[in-house]
Amino acid sequence: MGSKQAKFDEEKMREFEDNTSLNRAEIIHAYECFQAIYKLHHPDENALLGPGGFIDPEVSLPVEYICTNLPELKENPFKERICDVFITSGTNVMSFIEFLDMVSAFNPKTSLQDKINHAFQIYDMDGDGKIGRADLEQMLDKITDQPLSEDDKTKIIDQLFKEVNKEPSADGLNTEDFRYAISRAPDFQSTFSFRI
């Protein structure tokens with residue numbers, strides 16, 4: 001994607017390798033993808049550099065740029081929510097470090113446990129620590145082409161609760177309920193993955 005190899009200082013590169021499921025080549029490739037999106041909107045490539053001419057990993061991009069230009073997210077109905085989960089600043093911009101964390105979470109080498117934890121955060125739309133009826137209704141709205149009636153949504157959600165041994169009146173799925181539900185989806189680990 002880029003002709004120049006990414007230039008991180010060695011300490012930062014080791015930190016990335018230690019804190020993600022990515023190897024050095026994958027980290028450099030992730031940076032090249034981030035850089036390509038950056039260049040679409042900012043022609044000054046030098047803005048990506050920090051002290052000493054090394055890449056500044058704190059450089060940020062608006063989530064909109066990432067959602068519309070990263071092919072792995074472009075068509076995903078949860079793309080904004082996925083990005084939101086990895087943004088730690090509470091803003092609508094994503095730093096390279098946050099981008100790297102997101103790419104790492106979806107890497108096929110990431111453990112099933114980590115993938116389940118990230119999926120739970122993504123589907124817990126309101127961030128209240130459970131996947132409640134309102135979260136599930138939002139999910140259904142995002143994944144269906146035609147709007148579902150309230151009655152159809154209720155039936156689907158009640159069935160989901162039944163399948164994870166919850167009463168239909170339960171207030172939501174906690175992390176253990178979610179793990180149980182995911183354990184019944186054998187293709188989860190491969191579908192909750194992408195390589196950039």
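**Figure 1. The salt bridge between K109 and E26.** In this predicted model, K109 forms a salt bridge (a side-chain nitrogen of Lys or Arg within 4 Å of a carboxyl oxygen of Asp or Glu) with E26, and the closest N and O atoms are 2.9 Å apart. K109 lies in the loop between α6 (96-105) and α7, whereas E26 lies in helix α2, so the pair ties together parts that are 83 residues apart in sequence. Helices (H or I, at least four residues) and strands (E, at least two) are DSSP runs, numbered from the N terminus. K109 is partly exposed, with a relative accessible area of 46%, while E26 is buried, with a relative accessible area of 18%; here buried means under 20% relative accessible area, exposed over 50%, and partly exposed in between (1.4 Å probe, protein chains only).

**Figure 2. The salt bridge between R24 and E10.** The closest N and O atoms of R24 and E10 are 2.8 Å apart in this salt bridge. R24 belongs to helix α2 (residues 24-41) and E10 to helix α1 (residues 10-19), so the pair ties together parts that are 14 residues apart in sequence. R24 is partly exposed, with a relative accessible area of 31%, and E10 is partly exposed, with a relative accessible area of 38%.

Figure 3. R81 is placed in helix α5 (residues 79-86). R81 is buried yet has no salt bridge, and the nearest side chain of opposite charge, that of D84, is 4.7 Å away (Lys and Arg count as positive and Asp and Glu as negative; His and the chain ends are not counted). The side chain of R81 does, however, reach the backbone oxygen of D124 at 2.9 Å.

**Figure 4. The lining of the largest pocket.** The largest pocket holds about 780 Å³ of space, where a pocket, on a 1 Å grid over the protein atoms alone and with a 1.4 Å probe, is an open set of points with protein on both sides within 12 Å along at least five of seven lines, and lining residues have an atom within 4 Å of a point. Of the 30 residues that line the largest pocket, Y123, M139, F178, I182 and F188 are the closest to its centre. The lining divides into 23 nonpolar, three polar and four charged residues.

**Notes on the views.** Residues are numbered from 1 along each chain as its sequence is written. Because the model is predicted, local features need pLDDT of at least 70 and side-chain atom pairs count only at pLDDT 80 or more, whereas totals for chains, interfaces and linings use all residues; side-chain values use heavy atoms, with hydrogens and water left out.

Notes: Grid points are joined across faces, edges and corners, and a volume is the space filled by probe spheres set on the points. Ala, Val, Leu, Ile, Met, Phe, Trp, Tyr, Cys and Pro count as nonpolar, Asp, Glu, Lys and Arg as charged, and the others, Gly among them, as polar. A polar contact is a pair of N or O atoms within 3.5 Å; within protein, one must be able to donate a hydrogen and the other to accept it, and residues adjacent in sequence count only if both atoms are side-chain atoms.
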